[in-house]
Amino acid sequence: MIDVTEQKQRVAVIGGGITGLAAAFYLQKEAKEKKLPLEIVLIESSHRLGGKIQTVRKENFVIERGPNSFIDNNNSMARLVKDLGIEDQLIRSEAGQTYITVNEKLYPVPAGSILGIPTKLSSFLASDIVSWSGKLRATCDLWFPRSRIQEDQPLGKFIRRRFGKETVENIIEPLLLGVSAGDIEQLSLEATFPELIEMEKEYRSLMTGMKKALSEISHDDSKGIEEQRSFQTFINGLETLIEALEGQLIDTTILKSVKVESIAKTAHQVTLSLNNKSSITADAVILATPHLISQKMFAKQGLLQGLQDIPLTTVASVSMAFPIEAMNESFTGTGLTVARNSDFSITSCSWAHRKWPSFVPAGYALLEVYVGRSGDEAIVELSDSEIEKIVLQDLNRVIPLKGSPLFTVVSRWKEAMPQYKVGHAQRVELAKQELNEHFPTMKLVGSSYEGTSLPNCVDQARNAVDELLIKLFE
């Protein structure tokens, strides 16, 4: 057993993904700056850190197996990147047109669409992606009253009431959900897009509210509209962030390939029982593992049973390299997303060599494709060659390619995408209250709870650190 030293308080961070790493980093930073007697232990069950963030650097290609970028609306990542001293490695995606595939036809996203919601009525009305009857129904948002529903409701129900079925299916749903693989009829409005609730309350019309929000961004002297909305990553891929975090955790004990099997309370501390038959005592714990794994750690106490109601979806990313001549010259876009009502297995495709030119050697192209979503996950179970064949068939239906890929990298993420169903926020709040009653110096954080994006995870980590240090030292 590893015992806590008399002089220091030990915080154990369980889970070495982006949330756990950020938590350990900010614990270490606060301890150093405020001279806190703190000891930090980071425990990761796999042989590597980073979780879903995995970058493959192969033959001068930069390929992401998991997430490939982030949008930093609240400057959460900017702060972390600055603290790590890797600002010079940040890059922004090249501007380009995104398309939506509806019934084997490609349509450019109408200019001014934010999360699929029109802000430029002229562009929306000029688009062929929605029929005239559908356009007329969508404009009803401009005078429809506010919703009278006070409790949480499905995201699909909320936006369909304002814009109608056709606009939601053909534009808003594909852009709103992206590669999250969710079911708009099951997802919680409150947990996924609470800003839409506030926008309706303030402006009544979502179109008016989005236009107003866009106008406010344009008057921000520090950043332009495109800069604030653009995707970012690092010149050598997202794993640059993981490598920087791990490299700077010099005052943190890192245990890899070690699994926490159970957690028990002992006096004013907690004991973590490990799979190597040893244990660790700690004064506080930040639990940054997926929710089902966290729940299993408390099987003896029967805690966090409600977390089992958070479903997980299986997806796969498929990266394919081609000679540049294989690309269809008539298609100049940077990506496409597929409407759910279309008969396709792929959900989106990004022309990475256009968005991130530094990721690909001269004379080559790189396509990043996603397959699988809630209710349609069987494709992920197929072999790599079968998945590649299906992806090529789908792409060739809308944008013919010449020849076969030079190589393909298939990455499966089984039961890896948490889905925030209706009632999610209340479900998470109850779990946190329950845990706090039994373990007051323990925090639940990660993509299962309060946002799945990288900035969301970093925010959760930083907030957990601030709250725990107050309990430990004030």
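**Entry 1. A pair in helix 14.** I began with R397, which forms a salt bridge with D394; their closest N and O atoms are 3.3 Å apart. The model I am reading is predicted. Both residues sit in helix 14 (residues 384–398). They are three residues apart, about one turn of the helix. I recalled the general rule: an α-helix has 3.6 residues a turn, so residues three or four places apart point the same way. R397 is partly exposed, with a relative accessible area of 29%. D394 is buried, at 5%, because buried means under 20%.

**Entry 2. A pair in helix 8.** I then looked at E198 and K201. Their side chains meet in a salt bridge of 3.9 Å, N to O. Three residues separate them in helix 8, about one helical turn. Is K201 buried or exposed? K201 counts as exposed, with 53% relative accessibility. E198 is partly exposed, with a relative accessible area of 47%.

Entry 3. I stayed with helix 8 and turned to E200. The side chain of E200 meets that of R162 in a salt bridge, 2.8 Å from N to O. E200 lies in helix 8 (residues 194–203) and R162 in helix 5 (residues 155–163), so this pair ties together parts that are 38 residues apart in sequence. I checked burial here too: E200 and R162 are both buried. Which residues are linked with them in a network of salt bridges? I found D141 and R161 in the network, along with R162 and E200. For the whole structure I noted 20 salt bridges. The general idea is simple: side chains of opposite charge can pair when their charged atoms come close.

**Entry 4. The kink in helix 6.** I followed helix 6 (residues 165–177) next. Where does its kink lie? The kink is at I171, shortly before the proline P174, and is about 40 degrees. After helix 6 comes G178, whose phi is positive, near 55 degrees.

Entry 5. How many residues has the largest nonpolar core? I noted 42. I18, L27, L241 and I286 have the most contacts inside this core. Several elements each supply at least two of its residues, including strand 1 (9–14), helix 1 (18–34), helix 11 (239–248) and helix 16 (454–473). I took L241 as an example. Leaving aside neighbours within four places in sequence, L241 is in contact with I18, M77, L80, L84, I86 and F234. I also found a second, separate core of 30 residues, which includes L155, I171, L177 and L187. In soluble globular proteins, nonpolar side chains tend to be buried together.

**Entry 6. A threonine in strand 9.** I ended with T252, found in strand 9 (residues 252–255). T252 is buried, with a relative accessible area of 9%. A polar contact of 3.1 Å joins its side chain to that of Q28. Not counting residues up to four places away in sequence, T252 touches A24, Q28, I40 and L42.

Note on methods:
Residues numbered from 1 in each chain as written. Predicted model: local features only at pLDDT ≥ 70, side-chain atom pairs only at ≥ 80, totals over all residues. Heavy atoms only, no water. Helix = DSSP H or I, 4+ residues; strand = E, 2+ residues; numbered from the N terminus. Buried < 20%, exposed > 50% of the residue type's maximum accessible area, 1.4 Å probe, protein only. Polar contact = N/O pair within 3.5 Å; in protein donor to acceptor, adjacent residues only side chain to side chain. Contact = heavy atoms within 4.5 Å. Salt bridge = Lys/Arg side-chain N within 4 Å of Asp/Glu carboxyl O. Bend = angle between axes of the 7 residues up to and from the residue. Core = buried A, V, L, I, M, F, W, Y, C linked by side-chain atoms within 4.5 Å.
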